[in-house]
Amino acid sequence: MRTFEELQKKLNIEMEIGINQNRLVKKVVHYVNEDGMTYMEAMMQVCEDHDIEPEDLAGSVRGNLKERLYAEAVQRNCIKDESPINTLY
C-alpha cells in the first residue's frame with residue numbers, strides 16, 4: 001500500500017513533467033521502434049526530454065514496459081545471477 005507522501009510525489013511528478021504511464025510507454029515505444037534505441041536508452045531519452053532524474057520516473061515504470069526493461073537488462077547481463085532469455089517479447 002502506498003503512503004500519502006508517495007502518492008503526492010507521483011502526482012507532483014506527473015503534473016510537473018506532464019507525463020503519465022500511458023504517455024511514458026508511448027514515448028519509449030516510439031524511440032525503440034522509430035529510432036532503434038534500446039528500452040533503457042529510450043527511458044533515458046524521455047528523462048532528458050523532460051529534464052527529470054531517472055529515479056523520479058522509476059515509479060511510473062510498470063507492466064509490460066517494466067518486463068521489457070528487465071528482459072533487456074538480463075539479455076545484456078546487467079543483472080547478476082540471471083541467465084539470459086531468448087527474446088525481449
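Begin by selecting leucine 69, which is found in helix 5. Helices here (H or I, at least four residues) and strands (E, at least two) are DSSP runs numbered from the N terminus. The model is predicted: local features need pLDDT of at least 70, side-chain atom pairs count only at pLDDT 80 or more, and totals for chains, interfaces and linings use all residues. Residues are numbered from 1 along each chain as its sequence is written, and side-chain values use heavy atoms, with hydrogens and water left out.

**Leucine 69 and its surroundings**

With a relative accessibility of 12%, leucine 69 counts as buried. Buried means under 20% relative accessible area, exposed means over 50%, and partly exposed lies in between (1.4 Å probe, protein chains only). Next, display the residues around leucine 69: Tyr39, Met40, Met43 and Val61 are in contact with it, leaving aside neighbours within four places in sequence. Contact means heavy atoms within 4.5 Å. A C-alpha to C-alpha distance drawn from leucine 69 to tyrosine 39 reads 5.9 Å, although the two are 30 residues apart in sequence.

**Helix 3 against helix 5**

Now select helix 3 (residues 39–50) together with helix 5 (residues 63–75). The axes of helix 3 and helix 5 come within 9 Å and cross at roughly 125°. Axes are lines fitted to C-alpha atoms, for helices over the stretch in contact, and angles run from 0 to 180 degrees between N-to-C directions. Helix 3 and helix 5 are therefore oblique to each other. In this scheme, angles under 35 degrees count as roughly parallel, over 145 as roughly antiparallel, 65 to 115 as roughly perpendicular and the rest as oblique. To see the contact, show Tyr39, Met40 and Met43 of helix 3 with Leu65, Arg68, Leu69 and Glu72 of helix 5. By class, the contact of helix 3 with helix 5 has five nonpolar residues, no polar ones and two charged ones. Ala, Val, Leu, Ile, Met, Phe, Trp, Tyr, Cys and Pro count as nonpolar, Asp, Glu, Lys and Arg as charged, and the others, Gly among them, as polar.

**Helix 2 against helix 3**

Helix 2 passes helix 3 in a right-handed crossing. A crossing is left-handed if the near helix is turned anticlockwise from the far one by less than a right angle, and right-handed if clockwise. On the helix 2 side, the contact is made by Leu24, Lys27, Val28, Tyr31 and Val32. Helix 3 contributes Tyr39, Ala42, Met43, Gln45, Val46, Asp49 and His50. The residues in this contact of helix 2 with helix 3 divide into eight nonpolar, two polar and two charged.

**Two buried loop residues**

Move to threonine 38, in the loop between helix 2 and helix 3. Threonine 38 is buried, with a relative accessible area of 16%. Its contacts are Val32, Glu72 and Arg76, not counting residues up to four places away in sequence.

Then select serine 60, in the loop between helix 4 and helix 5. Serine 60 is buried as well, at a relative accessible area of 7%. With residues up to four places away in sequence set aside, serine 60 touches Gln21 and Leu24.

**Two residues with positive phi**

Aspartate 51 lies in the loop between helix 3 and helix 4 (54–57). Its phi is positive, about 55°, although aspartate 51 is not a glycine. Aspartate 51 is exposed, with a relative accessible area of 70%.

Asparagine 77 follows, in the segment after helix 5. Phi of asparagine 77 is near 60°, again a positive value in a residue other than glycine. Asparagine 77 counts as exposed at 56% relative accessibility.

**The cysteines**

Select cysteine 47, which is buried, with a relative accessible area of 4%. Cysteine 78, by contrast, is exposed at 58%. A search of the whole structure finds zero disulfides, a disulfide being a pair of cysteine sulfur atoms within 2.5 Å.

**The whole chain**

The protein chain has five helices and zero strands, in the pattern α-α-α-α-α along the sequence. Of its 89 residues, 27% count as buried. Among contacts in the protein chain with a separation of 6 or more, residues 24 or more positions apart account for 40%.
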